[in-house]
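Please keep the sequence and the model open while reading.

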Amino acid sequence: MCPHNPPCPPAYAPDHDAARLVAFHPEQGWGLLCNGVVVFEDTGELLPDGQSLLPHRARYVQAA
């Protein structure tokens, strides 16, 4: 369980990317979040059960 207060969102929550980074290896292009999710520099993710999520870059909307 997450030792932070407030706790980080669980790995399967919609906002799981908001968890704290606990290990970071920029030379290899990945990091580990407190909730067990591995995030990659291309924005792909690997969930704790081995399921992969495709890269999902944020889309910016131009102000009117």
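Which residue in β5 is the bridge partner of Glu-45? The bridge partner of Glu-45 is Leu-53.

## Model and confidence

This is a predicted model, in which local features need pLDDT of at least 70 and side-chain atom pairs count only at pLDDT 80 or more, while totals for chains, interfaces and linings use all residues. Residues are numbered from 1 along each chain as its sequence is written, and side-chain values use heavy atoms, with hydrogens and water left out.

The average pLDDT of the chain is 87 (pLDDT is the predictor's confidence in each residue, from 0 to 100). A score of at least 70 is reached by 86% of the residues. Confidence is highest in β2, with a mean of 96, and lowest in strand β5 (residues 52–53), with a mean of 92. Where pLDDT is low, the predicted coordinates should not be read in detail.

## The sheet

Five strands form an open sheet in the order β1-β2-β3-β4-β5, with antiparallel pairing. Its edge strands are β1 and β5, each of which pairs on one side only. Strands here are DSSP runs of E with at least two residues, helices are runs of H or I with at least four, and both are numbered from the N terminus. Two strands pair if DSSP finds at least two bridges between them.

β1 and strand β2 (residues 30–33) run antiparallel and are joined by four bridges. His-25 stands opposite Trp-30 of β2. The two strands form a hairpin with four residues between them, and Gly-29 in the turn has a positive phi of about 85 degrees.

## Segment before β1

Both His-4 and Pro-6 lie in the segment before β1 (21–25). The peptide bond between Asn-5 and Pro-6 is cis, with omega about 0 degrees. Beyond four places in sequence, His-4 touches Arg-20 and Cys-34, where contact means heavy atoms within 4.5 Å. His-4 and Ala-19 are 15 residues apart in sequence, and their C-alpha atoms are 9.6 Å apart.

## Core and cysteines

The largest nonpolar core has seven residues: Cys-2, Cys-8, Ala-11, Ala-19, Leu-33, Val-37 and Leu-47. Such a core is a set of buried Ala, Val, Leu, Ile, Met, Phe, Trp, Tyr and Cys residues joined through side-chain atoms within 4.5 Å. Buried means under 20% relative accessible area, exposed over 50%, and partly exposed in between (1.4 Å probe, protein chains only).

Not counting residues up to four places away, Cys-2 touches Pro-7, Cys-8 and Cys-34. Cys-8 is buried because its relative accessible area is 14%, whereas Cys-34 is partly exposed because its value is 22%. A disulfide is a covalent bond between the sulfur atoms of two cysteines. With a cut-off of 2.5 Å between cysteine sulfur atoms, a search of the whole structure finds zero disulfides.

## Two loop residues

Asn-35, in the loop between β2 and β3, is buried because its relative accessible area is 16%. Its side chain reaches the backbone oxygen of His-16 at 3.1 Å. Leaving aside neighbours within four places in sequence, Asn-35 is in contact with Pro-9, Pro-10, Ala-11, His-16, Ala-19 and Pro-48.

Thr-43 is in the loop between β3 (38–40) and β4 (45–46). Its phi is near 75 degrees, a positive value in a residue other than glycine. Thr-43 counts as partly exposed because its relative accessibility is 24%.

Key: Polar contact = N/O pair within 3.5 Å; in protein donor to acceptor, adjacent residues only side chain to side chain.
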